[in-house]
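Please look through the structure below with these numbered remarks beside it.

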Amino acid sequence: MPAAPTPTDRLRDVVLVGYRGVDGSERLDCPEVESALVGHESVAEAAVIAVLLALPTGKIAWAYVAPLFFGLVIAHAISNLSNDFFGYLRGHDTDDSPRARYTIHPLVHKVLSMRDMQAALWILGTVAAAIGAFFIVERGLVAAAFFSLGFLILFLYDAAPRSLKAIGLGELA
């Protein structure tokens, strides 16, 4: 009797519709991607931040947990797409680069056009800004500082004319 599908198996079926590997395979056997699909890092980050927000009152503000979780997932998505976008734009991500050899690169392998990638970044950025605005209204200057610092680090890591990655300081971000 076959084992029941796990939540990750079901999610993989949704996320990987139309997937085809660089080598022509249709099956993705990649533990890194599978762990990302589970989303444990964003859940853990959201839980830690929710507890930190609860310290002054001793109560978790459950109304903040969902937007916090989705904000972290969106920030992670922006970071990944931005890394691919600027890596491709600067000529670092090519057919022969390690990034394009170990998995599909949305621009190198023409999964997305530059216009599609820019639209995705704008849409995700708009949603992130809305979530940031919600927290700024709700929590004030601390949220504004946190959101601004996150935006600044993301910009300096990838998008700045001389990025932190380019000068060997990417891991600090």
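1. A residue is called buried under 20% relative accessible area, exposed over 50%, and partly exposed in between, with a 1.4 Å probe and protein chains only. By that rule Leu52, at a relative accessible area of 52%, is exposed. The model is a predicted one, in which local features need pLDDT of at least 70 and side-chain atom pairs count only at pLDDT 80 or more, while totals for chains, interfaces and linings use all residues. Residues are numbered from 1 along each chain as its sequence is written, and side-chain values use heavy atoms, leaving out hydrogens and water.

2. Five aromatic pairs are found in the whole structure, a pair being two rings with centres within 6.5 Å, stacked if the planes are under 30 degrees apart, edge-to-face if over 60, and tilted otherwise. Tyr64 and Phe134, with centres 6.0 Å apart and planes at 70 degrees, are therefore edge-to-face. Because Tyr64 lies in helix α4 (residues 62-89) and Phe134 in helix α6 (residues 114-139), the pair ties together parts that are 70 residues apart in sequence.

3. Tyr64 is buried at 12% relative accessible area, whereas Phe134 is partly exposed at 30%. Together with Phe135, these two residues form one aromatic cluster.

Note on methods: Helix = DSSP H or I, 4+ residues; strand = E, 2+ residues; numbered from the N terminus.
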